Each structure stands twice: as structure tokens, then as C-alpha cells.
Amino acid sequence: MLKGKNILLGVTGGIAAYKACDIASRLIKLGADVHVIMTKAACEFVAPLTFKSLTNNKVHTSLFDPNEQGVPHIDLARRADAILVAPATANFIAKAANGIADDMLTSTILAANDKKIIISPAMNTHMYENQIVQENLEKLRGRGFVVIKSASGRLACGSVGMGKLPEPCDIVERVVQEVAFEKTLSGKKVLITAGPTQEAIDPVRYITNHSTGKMGYALARIAKAKGATVTLITGKTSLPKPIGVDTIEVVSSRDMFREVTERYFDTDIVIKAAAVADFKPKTVNDQKTKKENAKLNIELEKTDDILKYLGSKKAHQVLVGFCMETENLLENAQKKLLGKNLDMICANSLTTPGAGFGVDTNVLTLIEKDGSVTTLPMDTKENLAAVILDKISAM
Ligand code: CTP
């Protein structure tokens, strides 16, 4: 997702510096070319060799290194697509907020005033809450720096509170959101549904399906990275909530219907990736059904078809559905496109290798209202989400 992007990672001297190794590694795995600047204090915690080995690039630690070519702080700033400083100490924040350039990192930051700069503060709670630090952070925000909110928890000094460096995966996700995509969905409100619904039989048992929510969560994540304001309405899954996405958890198809329809008129784009149950028990027992009293048949009734309802009320919205079939993929998908008044349907076959429930890949055929059909090769759900969202942007 960061292929071809040059990310400059600044590491300052706090105990969380060890987590910067994980950050560098994750950025590399996403395809970025990572260059590291370490402050003198950071080198007390982690060896420059660690970053050199991870990034395969020279690590910069001094303004006055006779082995450097050119004017490194200017060149590094010029070449970077984004700068991430993680962890950012109170000392670094104070210097950056006041234009002090007394080492390689602060000099590079000063030379990068046309670049996206993301900082992730990490320090003791009292230091973090100190008005001086907060004023400096406010000043940096005012200058366009992206300041990642510190996490709360047990700190290395033993105190519990704000000031913890967020998880490396969450920091890297913020970098992805800032630099991975053009903001083609900026200003758009996107509503995405994901995961299975559960239809209660009694307080203990329910009917559900194999959906894990991966496709819907990938769509939410990429829509956010493309600049949209995203609401994710999700059935029960074990996936972490996507960063920066308003995530609403629901249980049944009825709950999903309510949450989706409440927001529909204030939404520009709806993508229904959820596997909504088509049937639910006609009556739900208040108490656990005992074996000896149980009838062996459960009477079912149809749930509301949420997407069909949305299609019947469609005004300005772009409406996209999913369908998973085991036979006659195109024919069934086309029927649903028309029957539910959709702008596009993303069809996948449960029998195709690499497609279906629980896997990280999918094989999709996109069918649009104008009849055009795009068959996509097997790809990650994230890459497919990007293609779907590009099609929607072009509509
Ligand atoms: N859908 C919905 N509400 C339902 C059932 C489905 O909103 N009660 C949506 C799904 O989220 C999906 C699309 O409709 O975007 C197609 O779902 P699918 O299960 O493939 O088709 P159905 O219309 O339910 O038809 P069938 O199960 O007979 O194939």
C-alpha cells in the first residue's frame, strides 16, 4: 500500500524508541522506502544498526557526518513523501514548535515545511499533561502537523495514564491514511455494512453464517484512506475497529436495518458488504429452550431486505451491493442489481479458489448499472476495495 513512497522516520530518545523498530519493519512490509534519522538520545536506547538492517538504508544520526554526501537534511526532506516522528519526546516537540534546529532531525523538520509531518508523542503522563507540552502540540497542529493522540496505559516509569506510544500497527495505519491514496472521496459520507447478523432462537442460541467481515472492514479502511467520512455498521466479528472510522456494532438484521436506515438520507455512498440473514425464527423464546420441551422444527420468517428497501428509497445516493453465489454468478448478480435498484454489484463465487468467507483475498466481478462488467483477478481484499471505491468515485 506504500509502494513507491519515501517515508522518513524520525526516532527520538524515549523508551518507546524500541517500538520504532516495529514501525520501520511494518512500513517496509507495506512497500515503503524508509529512511531513518535518530537523535543522539535515541541511540542510547536502540542501535542505529537495527534500523539499517531493517530498512537497508543508511541511518542518519549527525548533522556533521563526514561520510554524508550532499546536504543530507535538505535532501532527506526533499525526497520524503511524509515524515513520521515516533516516538516524539517532549524535548523534540518543544524544539519543533519553536523552530530550533540543533540536530539532524530538527533541521530536517524545519526544511520540510511543504511536507506531511506526523508525530506520535510518547512520555510520562505528567510530562504529557504539562501545559507547556500541550501548548507546543497545539502550535504544531496549527502549523499542519498531524499529531497522533497518545494512548493510555501503564508506562515504563510505572505510572498509569496518557503518554503511551500507540500500537505500531495503529501508527502505521495513520501513515497509510495520510499518504497511500489520493483523497478522491474527500467530503463524501460513506456508509459500509460488514459481517454476519445473528438471529436469536432463544437467549442462548442463534442462526448466523460464516461471514468474518473482512471485505467490509477493508472497504471501510480504504474509504477512510481515500478521504471519506466513514461509518461502519458491523455484525459480530473478531476484527479490530478500523482507525478513524465511526464503527457501530449490531447483532441482528433488525438492528442493522435500523442503524442503516437512520443514516441513509445523510449519506452519499452505501456499500452493503454484510451477510445479512435472510431468515429469522418467527418467535424468540424468552428462556432457554429445554431439550425435553423442544419441537424439532423452528418456524422461520423472512428478514427485511435492507438493500432492497434502500434501493426503493434511493435519492442522491450511490448504492452498491455484494452477492455471493454458488451457481449462475452473473445471472443472479444481474437480477439483484436490477431488483434492488443498485448502481453496482460486486459478485463473488463461493466455489472459486481464493474467494469467499474468512480469507484475505477475493475474486470479484463488478457489474454496473450501465451493463459494464469488470472481472478482476484474485487480489487482496484491500486492493479490491480500492478498485471498487475508484469505480464509485468515477460514477
Ligand atoms: N441484503 C440485505 N438484506 C437482506 C439480505 C441481503 O441488505 N436481508 C444485501 C446484502 O448485504 C448484499 C445483497 O443484499 O449486499 C445481496 O445479498 P445476497 O445474500 O447475495 O442475496 P439475497 O438478496 O439475500 O438473495 P439470495 O440469498 O436468495 O441469493
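Q: Is Thr12 buried or exposed in this predicted model?
A: The model is predicted; local features need pLDDT of at least 70, side-chain atom pairs count only at pLDDT 80 or more, and totals for chains, interfaces and linings use all residues. Residues are numbered from 1 along each chain as its sequence is written, and side-chain values use heavy atoms, without hydrogens and water. Buried means under 20% relative accessible area, exposed over 50%, partly exposed in between (1.4 Å probe, protein chains only). At a relative accessible area of 1%, Thr12 is buried.

Q: Which backbone oxygen does the side chain of Thr12 reach?
A: Thr12 sits in the loop between strand E1 (6-11) and helix H1 (17-29); helices (H or I, at least four residues) and strands (E, at least two) are DSSP runs, numbered from the N terminus. The distance is 2.5 Å, and the oxygen belongs to Pro87.

Q: How much area do domain 1 and domain 2 bury between them?
A: The domain assignment, automatic or from a database, gives domain 1 (6-179) and domain 2 (189-394). Buried area is the accessible area (1.4 Å probe) that two parts lose on being put together, summed over both. Carbon and sulfur atoms hold 55% of it, and the total is about 500 Å².

Q: Which side chain meets Glu173 in a salt bridge?
A: A salt bridge puts a side-chain nitrogen of Lys or Arg within 4 Å of a carboxyl oxygen of Asp or Glu. One is counted between domain 1 and domain 2. At 2.8 Å, N to O, the partner of Glu173 is Arg221.

Definitions and conventions: A polar contact is a pair of N or O atoms within 3.5 Å; within protein, one must be able to donate a hydrogen and the other to accept it, and residues adjacent in sequence count only if both atoms are side-chain atoms.
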